[in-house]
Amino acid sequence: MLMHGYPAYTTSCAWLGYSDGTLKQLCAAALKDGWTRFKVKVGADLQDDMRRCRLIRDMIGPEKTLMMDANQRWDVPEAVEWMSKLAEFKPLWIEEPTSPDDILGHATISKALVPLGIGVATGEQCHNRVIFKQLLQSNALQFLQIDSCRLGSVNENLSVLLMAKKFGIPVCPHAGGVGLCELVQHLIIFDYISVSTSLKNRMCEYVDHLHEHFKYPVVIKQASYMPPKDAGYSTEMKEDSVRKHQYPDGDVWKKLLAAQEN
């Protein structure tokens with residue numbers, strides 16, 4: 001860990017709504033920085049998805065890893081049909097293909113996508129260990145995505161890490177929100193050292209924004225999380241950032257509210 005870090009993947013270059021020019025620019029920059037694992041958002045329009053996925057796959061080449069994220073856009077049959085069309089781009093997984101509460105729906109999708117070599121990833125909206133237990137018992141996922149805040153405590157996250165170990169499912173945490181990268185780095189490194197002891201099929205999401213508001217931001221080198229060297233859970237925000245964003249008297253809110261009045 002100290003030498004190579006924990007493998008990460010980037011979501012930053014392929015959000016829905018990006019122009020082709022922006023997508024190409026961000027993807028090229030990520031490749032230059034050493035990223036080898038990329039996630040693209042899908043689900044709004046099939047033809048647009050195919051065009052964007054083809055563009056990204058052509059840029060990163062066949063040897064690098066591509067994942068897809070639908071953010072709960074589909075019902076079960078639609079998810080299977082949509083992914084059968086996107087299978088040509090060789091995604092490792094489809095993330096949140098349907099409602100996060102539909103455990104049996106995820107199981108149906110998971111079973112249907114096996115012949116296509118596509119796994120199901122979910123968990124960022126799961127709020128307790130019981131939901132994860134049922135997802136694991138029903139073979140509804142191949143990649144388990146804890147969220148360091150959604151589960152509500154370190155202890156609840158640890159119980160899910162232990163269950164994932166029992167079922168042999170890799171944990172690939174969600175980290176797409178404010179401060180999630182800072183928090184989850186502790187969980188993934190603990191998982192590697194004390195629970196899974198494996199990096200096979202494991203990676204953690206990284207989104208490159210808003211880290212400047214934290215006193216102890218994550219350190220990324222060669223597309224990997226480097227172990228934090230400061231004590232604590234890395235949650236402390238800078239006082240100046242908190243002050244500027246306080247509602248309604250912080251500078252950021254004052255400007256927003258003034259703009260609305262005008």
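Leu23, Cys27 and Ala30 are the buried residues to look at in helix H1. Seen down the helix axis, the buried residues of H1 fall within an arc of 60°, so they line one face of the helix. What do these buried residues pack against? Their partners are strand S2 (37–41) and helix H2 (46–60). On the face turned away from the buried side, H1 carries the exposed residues Gln25 and Lys32. All of this comes from a predicted model.

As for its geometry, H1 runs over residues 20–32, which makes 13 residues. From first C-alpha to last, the helix reaches 18 Å, close to the 18 Å expected at 1.5 Å a residue. After H1 comes Gly34, and here phi is positive, near 100°.

The other spot picked out here is Glu95, which sits in strand S4 (residues 93–95). Is Glu95 buried or exposed? Its relative accessibility is 0%, and buried means under 20%, so Glu95 counts as buried.

Technical notes:
Residues numbered from 1 in each chain as written. Predicted model: local features only at pLDDT ≥ 70, side-chain atom pairs only at ≥ 80, totals over all residues. Heavy atoms only, no water. Helix = DSSP H or I, 4+ residues; strand = E, 2+ residues; numbered from the N terminus. Expected span 1.5 Å × (residues − 1). Buried < 20%, exposed > 50% of the residue type's maximum accessible area, 1.4 Å probe, protein only. Arc of directions from axis to C-beta. Contact = heavy atoms within 4.5 Å.
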